[in-house]
Amino acid sequence: MSAPETGIVGRWTSSPGATDIVTGRARYCPDIQLPGMLTGKLLYSPHPRARIRDINVSEAQQMPGVHAVITHADIPGENSYLYASPDQPILAIDEVRFQGDAVAAVAAVDEDTALAALRAIKVDYEVLEGIFDPLEAMQADADQVVTGEENVMLGMTFRSGDVASAMASADVIIENTYRTQWAEHAFLETEGSVARMEEGGGITVWSSCQAPHRDRMQVARALGLPESSVRVITPYIGGAFGGKDEAHVQMHAALLAFTAQRPVKLIRGRRESMLTHVKRHPIMVECTTAADSSGLILAVKARAIGDAGPYTNASHEVMNKFGEFIGGPYKVQNLEVEKIAVRTNNPICGAFRGFGAPQAAFVYECQMDEIARKLGLDPLEIRLRNGVDTGTQLCTGVVVRDGDAMKASLRKAAQVTNWKNRDQMNKRPAPHLRRGWGMATILKGAGMGRGLADHAGVLLEMHRDGSVLLNSAAADMGQGITTVLVQLAAERLGVKVSDVRINRADTDRAPDAGASCASRQAMVSGNAVLLAADDIRKTLLTLAAMKTKVESDRLGLRDGRLLIDGEPTDLTVQLLAERASNWGYPLQAQGRAHLEYPSDAPRVPYRYSSEIFQFCTQVAQVLVDIETGQVSVERLVAVHDAGKMINPGGVYGQIEGGVAQGIGYALSEELVVEKGHTMNPSLENYVIPMALDLPEIEMHVLEFPQDGAGPMGAKGVAEAPIIPTAPAIRNAILDATGKTLHQLPMNAERVLKALQD
Amino acid sequence: MRITVNGRQRDVSSEPVKTLLHVLREDLGLTGTKDGCSSGDCGACTVMLDGRVVNSCMVMVAQADGASVVTVEGIATGGQPAEVLHPLQKAFSQCWSFQCGFCTQGMLVSCYDLLQTNDNPSREDILTAIAGNFCRCTGYQAVVTAVQQAAAEIRTSDAGAQNERA
């Protein structure tokens with residue numbers, strides 16, 4: 001049954017929570033007030049590495065107004081996080097391994113009392129020499145960061161083709177070492193959670209998170225409760241970008257509420273947040289790229305060492321995605337990539353928008369421009385010459401099903417920037433200024449990847465008055481999934497967007513939708529909504545066929561009315577819903593969807609490969625002050641393929657926000673870590689571009705619908721926009737100054753140093 | 001202490017060293033104003049204090065004694081259920097000027113202040129007005145669009161009102 005388009009999909013649609021947000025009524029975790037609620041606080045290690053000889057909480061426990069003081073010994077269930085591997089304790093046992101390890105938790109009547117209780121806890125530390133250099137940590141005789149666990153938590157090499165022979169026959173070889181930095185998500189709402197024990201021994205946890213069902217599992221494990229006794233609700237969430245993919249303080253809040261038998265609110269402060277949650281991995285990459293005289297890439301060899309911090313978290317996934325994408329959107333036949341993740345006593349690293357793809361793109365797109373320069377080729381030309389097409393088999397083994405957007409995005413970017421005539425602009429507008437242009441183009445998978453769980457369920461119900469209730473557990477952290485799901489339900493059921501109400505994600509109301517990560521929810525939960533809506537739609541049309549005596553395949557629903565052969569009738573959706581209700585036909589449906597990988601695809605040797613790709617190209621125009629090293633981005637053009645836009649407001653929003661983060665990643669953002677101590681854990685000293693620092697971002701969206709992806713061919717768009725920005729800016733600096741930078745961020749100090757070399 | 005908040009006199013018995021932000025959120029239940037950093041760096045706690053835009057996390061409540069404060073909750077008129085949204089609030093919703101929404105309340109107050117004195121702000125004017133309001137989700141462009149749309153709506157309705165009087 002093909003649904004007639006009502007024009008809801010593809011139209012700018014306001015978020016279902018918009019009015020709550022603009023009036024200040026929207027409640028985020030910090031805004032939740034419950035009767036008798038206590039304030040929770042955590043005590044962290046002041047040392048990156050130390051043995052805990054003793055923790056004395058007796059004084060804190062006896063303070064008036066203190067209702068719970070807990071350490072590892074008070075955890076009734078499992079004392080570990082569980083993103084991937086259970087190696088990070090919720091509360092440290094006998095050793096702290098980075099500055100973000102919590103040692104004790106308190107709950108008290110107010111914040112001042114809770115802070116006083118923290119000060120009263122006496123921890124006897126034996127400070128140990130930390131391991132801060134990944135290369136040292138990799139030595140055979142190095143101390144183990146986690147006793148009993150290898151420091152090299154991941155060390156895998158993927159080979160495709162014959163790199164050595166290809167290198168031997170190459171005309172050009174470019175070899176560089178790249179370094180990227182620790183980067184901070186800086187979601188505006190810090191991590192937080194509220195927990196309340198319920199009658200019957202269960203617990204409700206309000207969580208600022210990306211994966212409510214995984215939170216439920218983790219809280220249940222920590223408390224030793226069955227998952228059926230744990231309910232996780234996401235209130236409004238103030239941003240995440242991967243940094244709330246893993247649980248943070250949910251288990252601590254739950255343990256405190258469990259101990260105190262009173263509701264507890266636990267919100268991290270900004271400094272605490274920056275010291276504790278996962279960062280984007282700093283990766284050191286040695287990369288060699290070989291090309292023939294026409295600029296065709298013959299081989300890529302890369303060795304990447306990611307500093308994971310002490311615990312596993314998402315390091316496997318991040319380094320695996322780095323390796324998957326190091327070939328870029330190019331027809332690279334010979335590839336060898338060694339992926340290494342190393343434990344240290346530095347900040348813990350994990351998921352952050354793009355999962356290793358931004359670091360990989362910085363490497364391959366910088367290499368591309370250096371090859372082009374050596375051969376005297378235009379950066380556009382070399383990318384078009386090597387770019388994938390539909391049907392190209394990547395060196396990972398994956399066949400690109402819909403690759404037309406790759407070159408289309410390059411051509412569109414070249415057209416709107418008048419790329420071929422760029423040198424007609426003044427390259428030296430003042431004696432101390434140099435202007436330059438750079439481009440970068442990337443691919444990034446959307447969805448978890450082959451072999452990984454990638455499914456979602458939703459529950460949909462139409463009431464007798466034609467209004468619709470949608471329950472989805474896909475967390476909306478601001479990216480706009482709730483808007484997309486409401487639009488899809490309204491479109492298929494022929495009602496207005498305002499007729500559909502969606503609840504915030506709640507594990508008691510909605511089936512598991514997986515995490516809101518990997519640019520997947522619009523596809524997976526989107527498809528689930530269509531399946532559920534089609535089920536209800538079928539019932540409505542069956543009833544309509546009985547009433548009108550017209551076969552149901554000639555019927556449709558739009559704008560609240562029944563259509564016959566596409567023409568509106570007097571019969572309303574509301575009347576059909578009322579008849580269904582009166583006659584006992586259920587207008588309730590569950591939709592379940594999972595991303596499919598074509599069974600006829602060839603064997604894919606690269607594990608967990610993506611098969612749906614986001615493509616995008618960005619062009620940056622920069623001005624470099626050669627006296628100060630300051631780089632300003634004058635113009636930024638971004639061309640992205642969305643497959644099919646469901647809500648253009650959300651798509652443009654993701655692109656604009658991703659590029660803004662990309663500019664910060666390129667030029668200023670860097671968490672400075674010295675011997676395990678983060679030196680700049682504040683929004684003042686971690687420098688993020690603000691309103692006056694950003695150029696106007698020019699966005700162009702292409703729509704190449706993709707089979708097997710999301711509704712109507714939609715693809716995820718959330719991660720791609722941050723990925724090409726840094727290399728595009730770097731290549732523009734190269735164009736302006738002739739200097740090759742290989743380290744992020746490209747702040748004034750580093751640019752000036754390059755200019756002076 | 002007595003503070004006029006959104007046109008209503010409120011008696012405050014908090015310790016004078018508490019921040020205005022703390023008092024608004026914890027004592028007066030006005031949780032629309034957000035705490036993003038507690039250090040004056042992010043602007044999520046922006047309110048108007050006697051007609052000036054301030055970070056309420058940087059103001060001791062004693063400094064606000066006798067003053068008039070406008071928060072995001074005071075921008076719409078009429079109160080529920082007959083609430084009438086300010087043109088800025090409508091435009092922010094329509095233009096996707098926010099994603100997560102956590103900066104929006106402070107951002108709206110900064111823009112509301114701008115429109116008190118400038119009924120046709122340029123892109124530069126708007127970016128300057130929100131220079132202290134940090135947003136991690138957007139690149140501020142949709143905010144510019146929304147403020148200009150709201151300003152146009154206000155100019156049109158003002159012109160309409162003048163024509164009616166004429």
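Visitor: What makes a residue pair a polar contact across the interface of chain A and chain B, and how many are there?
Guide: A polar contact takes a pair of N or O atoms within 3.5 Å; within protein, one must be able to donate a hydrogen and the other to accept it, and residues adjacent in sequence count only if both atoms are side-chain atoms. Between chain A and chain B, 23 residue pairs pass, both residues at pLDDT 80 or more. This is a predicted model, where local features need pLDDT of at least 70 and side-chain atom pairs count only at pLDDT 80 or more, while totals for chains, interfaces and linings use all residues. Residues are numbered from 1 along each chain as its sequence is written, chains are lettered from A and ligands numbered from 1 in the order in which they are written, and side-chain values use heavy atoms, leaving out hydrogens and water.

Visitor: Why is B:Lys18 with A:Asp112 called a salt bridge?
Guide: The rule asks for a side-chain nitrogen of Lys or Arg within 4 Å of a carboxyl oxygen of Asp or Glu. B:Lys18 and A:Asp112 come to 3.0 Å, N to O, so the pair qualifies.

Visitor: How do you know how much area chain A and chain B bury?
Guide: Buried area is the accessible area (1.4 Å probe) that two parts lose on being put together, summed over both. For these chains that comes to about 4,000 Å², with 56% from carbon and sulfur atoms. A:Val22, A:Leu188 and A:Met690 supply 18% of what chain A buries against chain B, more than any other three residues. The contact (heavy atoms within 4.5 Å) takes 57 residues from chain A and 47 from chain B.

Visitor: What makes S2 and S6 of chain A a strand pair?
Guide: Two strands pair if DSSP finds at least two bridges between them; strands (E, at least two residues) and helices (H or I, at least four) are DSSP runs, numbered from the N terminus. Six bridges join S2(A), residues 50-56, to S6(A), so the pair passes, running antiparallel. A:Ile55 stands opposite A:Val123 in S6(A).

Visitor: Which strands make up that sheet, and why do some count as edges?
Guide: The open sheet has the order S4-S2-S6 in chain A, with antiparallel pairing. S4 (95-96) and S6 (122-127) each have a single partner strand, so one side of each is left without a neighbour in the sheet.
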